[in-house]
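Here are a few friendly notes to read alongside the model. Please have the viewer open as you go through the points.

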Amino acid sequence: RAACGAGCNSVTIAPRRRQKRLPPEGRHTMINAAITGWGKCMPPAVLSNADLSTFLDTDDEWIVSRTGMRERRVSHVPAIEMATVAAARALACAGLDAADLDLIVYGSCSNDEQVPNSASGVQVRLGARHAAAMDVNTACTSFLYGLSSAAAMIKSGAVRNAVVIGVELISPYMDWDNRGVAVLFGDGCAAVVLQASDEPIGLLGEKLGCYADARQTLRVRGMGCTYANRGLTLGDTQWDFDGQEIFKRAVHGMGEAAAEVMRKCGVAPEDIDLVVPHQANLRIIESVVKRAGLPMNKVMLTVQRYGNMSAATVPVALVEALEEGRVAPGALLLMPAFGAGLTLCAHLLRWGDRVTPLGTTDIDLPPCTKSALELVQDIRAIKAGAAQRSGGALMAPKLAETLGTLAAVSHA
Ligand code: UT7
């Protein structure tokens, strides 16, 4: 007899009969979730360190020595456009029709809109009319949390064909006049197709976690309902960013997660063929890889060309590793990541036999008519208005007292 809440009649549940039937042919086989397609969409406009030093008190020497970054991309299109191109390329690579997709997972913390969700925007553009569509936001780890979600649904039998996207459009809400953050981030996107497989390949295991006690170290003020209808303009943004604390937590979190997933899966460091890590800082990657007992020549690096693209970082690095022939058939991949929240994870993946695309598509972004620096100057001009509207109020020390809900959030 199960008790319900007030006003609800209790119901008698018959004891479950023991299942006597044998599972249908093949059902006893473990279903795995394998990556069968991959594609990226990088916006063409390149913002160099020299470009940044035209309006910021910074220089190439500081940025390269402290972060490893030399350039990053700035998008001229909404994130959903990048996501659609990357997903279409991944589908062509897998030889899969969009109509055969059961699920679209959109991993990002920079959604074009809050409502409706972004995955639905990709669904309609792809013509993936049978696909469920969901967004995952765990900041920089969103792609990998999305991969876990899709793989779990495949393993449960709920879906068979999924596309998982990691996309980020950070440039519109960046604090371009704050050198502590402006030099670190870039826009970009990549996607993978995940399919049910009977082979012992695909996602072998993962460690997911979160250092929520330090969640205040990375916050973008001005995005979200906390700021709605309080005299602040929603979308006027300011960043809280405690770089040194995030750095320490990232080294610890990615290192611990990598060790834990290897332990769980019975894998030794020497079994790993390639590390495809989140790329927030070259020094973080070097520390994590050293802690994991792996050499740097087993690491796929993109940080110098793209900076930190948050959720897009790991999938773009994975796609480029495949394009450069660094993923051999049957390779074992380790993918540790870290982001706002502070979320952390590490995934182990066994690659299948195929490391080349089955097909291609000519889908592309519309041409970009401006330089990256011009795009950034446009955003700075818009943000200058934002600073007048909400900037002072957003960063005021008394803000927490003024805004009840924000007070709770700020000190959580
Ligand atoms: O994906 C999300 C996760 N994000 C991260 O993991 C980022 C983690 N943090 C970091 O990568 C590093 O902490 C940063 C790259 C953000 C900063 O590097 P740092 O070695 O921790 O530098 P710092 O913050 O200790 O600053 C050292 C100096 C300061 O000057 P003073 O006070 O020593 O005179 C800064 O004002 O460097 C100055 N500085 C800069 N100088 C030139 C900070 N940013 C810049 C800049 N250009 N862009």
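1. Arg66 has a side-chain N or O atom 2.8 Å from an oxygen atom of the ligand. Arg179 also takes part, with a polar side-chain atom 2.9 Å from a ligand oxygen, and for Arg283 the corresponding distance to a ligand oxygen is 3.0 Å. A polar contact here is a pair of N or O atoms within 3.5 Å. On its own the ligand exposes 950 Å², of which the protein buries 73%; accessible areas come from the Shrake-Rupley method with a 1.4 Å probe.

2. A word on the source: this is a predicted model, in which local features need pLDDT of at least 70 and side-chain atom pairs count only at pLDDT 80 or more, while totals for chains, interfaces and linings use all residues. Residues are numbered from 1 along each chain as its sequence is written, and side-chain values use heavy atoms, leaving out hydrogens and water.

3. Which residues come nearest to the ligand? They are Thr58, Arg66, Gln244, Asn281 and Asn308, out of 21 residues around the ligand (a heavy atom within 4 Å).

4. Now look at helix H7 (residues 243-264) and helix H8 (residues 282-291), which pack at an angle of about 35 degrees with axes 9 Å apart. Axes are lines fitted to C-alpha atoms over the stretch in contact, and angles run from 0 to 180 degrees between N-to-C directions. Helices are DSSP runs (H or I) of at least four residues, and strands (E) of at least two, numbered from the N terminus.

5. On the H7 side of this contact (heavy atoms within 4.5 Å) are Phe247, Ala250, Val251, His252, Met254, Gly255 and Glu256; H8 brings Arg283, Ile284, Ser287, Val288 and Arg291. The contact residues divide into six nonpolar, three polar and three charged, with Gly counted as polar.

6. The Val115 to Pro116 peptide bond is cis, with omega near 5 degrees, and Pro116 sits in the loop between strand E4 (103-107) and helix H4 (118-126). The bond from Gly341 to Leu342 is cis too, with omega near -10 degrees. Ala139 has a positive phi, near 60 degrees.

Note on methods:
Polar contact = N/O pair within 3.5 Å; in protein donor to acceptor, adjacent residues only side chain to side chain.
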